[in-house]
Amino acid sequence: MMISTKGRYALRVMIELAQRQEEGYISLKEVAKNQEISEKYLEAIMKNLVTAGLAVGMRGKGGGYRLARPAAQCSAGEILQAAEGSLAPVACLEEDAEPCLRRDQCASLPLWQELEQVVQDFLSGYSLERLMEQSAAPEV
């Protein structure tokens, strides 16, 4: 599994919004500058995050983006799935995959299913709040 820049940037942006949630709406331009991401690319990422119900956008003066719910209730898994789409390790496990003709005889299918479950469990166990706390902790 390879997480693209879209997924990595989505996590960075959501962490920034979580760290600044007391400020209300944060402008796209400001987030793009802070994260060193082009505004155009960030617009596409934010559209996916808003559609997934993770962020809320407001247009006009004083507008921008904020978290749609508390940081403790937003998981890394949800964010990555909103940005990346499927996180399935193989094509046959993707949500809209064509039924595999070899599924009943596939000796490796249990491996891929278990891997997918481990990844989902791991990523869903990481909240934005936890990521913020870890980024604020001093290095040892």
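**Close-up views of a predicted model**

**View 1. Helix H5 at the largest pocket.** H5 contributes four residues to the lining of the largest pocket, the most that any element gives. A pocket here is an open set of points on a 1 Å grid over the protein atoms alone where a 1.4 Å probe fits, with protein on both sides within 12 Å along at least five of seven lines; lining residues have an atom within 4 Å of a point. Two elements give two or more residues to this lining, helix H4 (76-84) and helix H5 (109-124). In total, 14 residues line the pocket. Nearest its centre lie Gln81, Gly85, Ser86, Leu87 and Gln120. This is a predicted model, in which local features need pLDDT of at least 70 and side-chain atom pairs 80 or more, while totals for chains, interfaces and linings use all residues. Residues are numbered from 1 along each chain as its sequence is written, and side-chain values use heavy atoms, without hydrogens and water.

**View 2. The whole chain, for orientation.** The protein chain contains six helices and two strands (DSSP runs of H or I with at least four residues, and of E with at least two, numbered from the N terminus). Their order along the sequence is α-α-α-β-β-α-α-α. The C-alpha trace spans about 60 × 40 × 25 Å along its principal axes. Of the 140 residues, 36% count as buried (under 20% relative accessible area; exposed is over 50%, partly exposed in between; 1.4 Å probe, protein chains only). Among contacts (heavy atoms within 4.5 Å) with a separation of 6 or more, 62% join residues 24 or more positions apart.

**View 3. Helix H4 and what covers it.** The buried residues of H4 are Ala76, Gly77, Ile79, Leu80, Ala82 and Ala83. Their cover includes H1, H3, H5 and helix H6 (128-136). Just after H4 comes Gly85, with a positive phi of about 90 degrees. Gly85 is also among the residues that lie nearest the centre of the largest pocket.

**View 4. The aromatic pair of Tyr9 and Tyr41.** The structure holds two aromatic pairs (rings of Phe, Tyr and Trp, the last by its six-membered ring, with centres within 6.5 Å; planes under 30 degrees apart are stacked, over 60 edge-to-face, the rest tilted). Tyr9 and Tyr41 make an edge-to-face pair, 5.7 Å from centre to centre and with 80 degrees between the planes. This pair links distant parts of the chain, since Tyr9 is in helix H1 (residues 5-19) and Tyr41 is in helix H3 (residues 39-51), 32 residues apart. Tyr9 is buried, at 18% relative accessible area, whereas Tyr41 is partly exposed, at 28%.

**View 5. The aromatic pair of Phe122 and Tyr126.** The ring centres of Phe122 and Tyr126 are 5.4 Å apart and their planes meet at 55 degrees, so the pair is tilted. Phe122 counts as exposed, at 52% relative accessibility. Tyr126 is buried, with a relative accessible area of 17%.

View 6. Gln35 belongs to helix H2 (residues 28-35). With 15% relative accessibility, Gln35 counts as buried. Leaving out residues up to four places away in sequence, Gln35 touches Arg12, Val13 and Glu16. Glu36 is in the loop between H2 and H3. Glu36 is exposed, with a relative accessible area of 72%. The phi of Glu36 is near 55 degrees, a positive value in a residue other than glycine.
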